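I am opening this notebook to record, entry by entry, what I looked up and what I found.

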Amino acid sequence: MPDFAVLGGGLCGRLVAWRLAGAGHRVALYERGGPEGGESAAWIAAAMLAPLAEAAVAELLITELGVASLETWPRILAELPEPVFFQRNGTLVVWHHADRTEAPLFERRVRANAPRALADANFTTLVGAQIDAAEPALAGRFARGWLLAGEGQLDNRQALAALAAGLAQRGVQTHWHTSVEDTSLPRARVTIDCRGLGAKPALPALRGIRGEVARVHAPGIGLTRPVRLLHPRYPLYIAPKQDDLYVIGATEIEGEDRSPVSVRSALELLSAAFAVHPAFGEARILELNSQCRPTLPDHRPALIWDGGQGDGRGGSTTLRVNGLYRHGFMIAPAVADEAVRVAEAMLAGQLADADAFESLRRESRWASMLHAPQGAHEPA
Ligand SMILES: Cc1cc2nc3c(=O)[nH]c(=O)nc-3n(C[C@H](O)[C@H](O)[C@H](O)COP(=O)(O)OP(=O)(O)OC[C@H]3O[C@@H](n4cnc5c(N)ncnc54)[C@H](O)[C@@H]3O)c2cc1C
């Protein structure tokens with residue numbers, strides 16, 4: 001019997017399983033889709049690692065998880081057996097004259113939510129020729145903007161593929177095309193539920209927030225970093241990957257609708273790209289796609305221990321790792337580190353009761369992510 005059964009092989013499940021196997025544990029992973037990860041939110045994501053830009057819509061916990069993860073990603077990628085495009089070239093934020101009232105709002109929110117030192121060191125106002133110098137492809141197109149230094153991005157699909165190769169390399173028993181429901185858990189001492197929105201039967205508070213993206217091939221434009229366009233309805237971005245591939249996103253619509261991208265959303269996303277640079281008019285649309293971000297009511301990630309013991313007799317104890325919402329790639333390394341710490345304590349039988357969990361929680365840098373069974377303690 002494996003030490004750990006990881007349910008869900010999207011972003012979180014792959015990372016947690018790979019980390020646990022690297023620490024010498026016997027790990028089995030169950031994923032309803034294939035090794036490419038096509039059933040996951042991670043398959044659709046733009047995979048921007050932008051804690052400062054996201055501070056406009058996220059609280060301090062998320063920014064701090066993002067900053068810690070940004071430092072960890074290069075080490076993870078260096079250990080994976082396949083290359084993954086990764087860049088830390090900053091984020092450029094721009095806006096059209098008509099949307100200029102969005103700019104002070106964005107700046108105020110970022111400065112209110114992010115640690116002051118982070119914002120002061122990395123938030124640079126660019127005017128006219130400074131934008132042209134920073135991002136020559138946009139020369140003459142925007143009067144003002146901000147460069148958020150040090151932010152990153154990676155290629156989500158390469159990361160999923162490299163993690164799948166990493167799982168094989170570390171001897172993880174992978175069960176692709178295997179759906180696991182709560183009524184038929186595989187045998188293991190500890191179960192780690194990383195099923196994203198698929199965990200909804202076990203986590204009824206979980207909800208999906210639909211996101212739609214376009215992937216286009218646009219040779220000759222040459223953006224060198226993700227560009228965010230302030231917009232009154234939702235933030236739009238253009239994330240340049242390798243080989244002139246651009247991910248343009250993303251809508252943010254309440255609900256678990258997995259139907260194809262609407263005409264309205266396609267028009268908005270593609271018009272936004274066209275307005276940033278008219279050469280996007282000649283781009284070729286490779287894909288219009290949608291997925292739902294797994295989201296908890298407080299929009300925070302959560303590690304939820306079920307209060308059980310890993311006695312190895314079929315009734316294993318479960319840790320649920322969920323709620324990564326729109327920040328999965330940005331925060332996954334730090335969330336996975338914490339999940340591994342808690343999971344190893346569960347395996348070692350160190351979580352005998354709620355008090356033991358509470359002391360594990362007190363030691364955590366991310367205590368507000370850790371939850372015991374209802375009533376055992378109140379989340380901070
Ligand atoms: C449009 C869009 C854009 C995004 N852009 C960014 C971005 O720029 N930066 C960023 O940091 N994040 C971004 N995200 C968010 C990121 O993709 C998610 O936060 C992340 O994928 C969540 O990881 P997860 O492993 O919890 O869930 P998922 O990646 O969804 O993985 C869950 C896995 O569980 C599997 N599963 C479900 N049910 C079962 C079952 N019963 N049995 C077995 N397997 C099951 C699924 O098939 C899936 O593979 C974006 C998301 C979307 C939708």
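Entry 1: I began with alanine 46, where a polar backbone atom lies 3.2 Å from a nitrogen atom of the ligand. The model I am reading is a predicted one. I then turned to arginine 326, and there I found a polar backbone atom 3.1 Å from a nitrogen atom of the ligand. I next looked up how much of the ligand is covered, and noted that the protein buries 97% of the 1,000 Å² that the ligand exposes when taken alone.

**Entry 2: the shell around the ligand.** How many residues surround the ligand, and which are the closest? I noted 37 residues, with Glu31, Arg32, Val180, Tyr325 and Met330 as the closest. Sorting the shell by class, I recorded 18 nonpolar residues, 12 polar ones and seven charged ones. I also asked which elements contribute, and listed helix H1 (11–22), helix H2 (41–44), strand S11 (207–217), strand S16 (284–295) and helix H10 (328–347), each of which supplies at least two residues of the shell. On the level of domains, domain 1 (4–43 + 157–206 + 297–371) and domain 2 (91–149 + 207–293) each give at least three residues to the shell.

**Entry 3: the chain as a whole.** I counted up the secondary structure and wrote down 11 helices and 19 strands. The radius of gyration is 21 Å, close to the 21 Å that the globule rule gives for 380 residues, so I noted the chain as being as compact as a globular protein of that length. Along its principal axes, the C-alpha trace spans about 65 × 40 × 35 Å.

**Entry 4: a sheet of seven strands.** I followed an open sheet in the order S9-S2-S1-S10-S18-S17-S19 and found its pairing to be mixed. Strand S9 (173–175) and strand S19 (370–371) stand at the edges with a single partner strand each, so one side of each has no neighbour in the sheet. Within this sheet I looked at strand S1 (residues 4–7) and strand S2 (residues 27–30), which run parallel and are joined by four bridges. Phenylalanine 4 has valine 27 in S2 as its bridge partner.

**Entry 5: a sheet of three strands.** My last entry concerns an open, antiparallel sheet in the order S3-S8-S4. Two bridges pair S3 with strand S8 (residues 152–154), and the bridge partner of methionine 48 in S8 is glutamine 153.

Terms used: Residues are numbered from 1 along each chain as its sequence is written. This is a predicted model: local features need pLDDT of at least 70, side-chain atom pairs count only at pLDDT 80 or more; totals for chains, interfaces and linings use all residues. Side-chain values use heavy atoms; hydrogens and water are left out. A residue is near a molecule or strand if one of its heavy atoms lies within 4 Å of it. A polar contact is a pair of N or O atoms within 3.5 Å; within protein, one must be able to donate a hydrogen and the other to accept it, and residues adjacent in sequence count only if both atoms are side-chain atoms. Accessible areas come from the Shrake-Rupley method with a 1.4 Å probe; for residues, only the protein chains shown count as cover. Ala, Val, Leu, Ile, Met, Phe, Trp, Tyr, Cys and Pro count as nonpolar, Asp, Glu, Lys and Arg as charged, and the others, Gly among them, as polar. Domain bounds come from an automatic or database domain assignment. Two strands pair if DSSP finds at least two bridges between them. The radius of gyration is taken over C-alpha atoms; the globule rule is 2.2 Å times the number of residues to the power 0.38.
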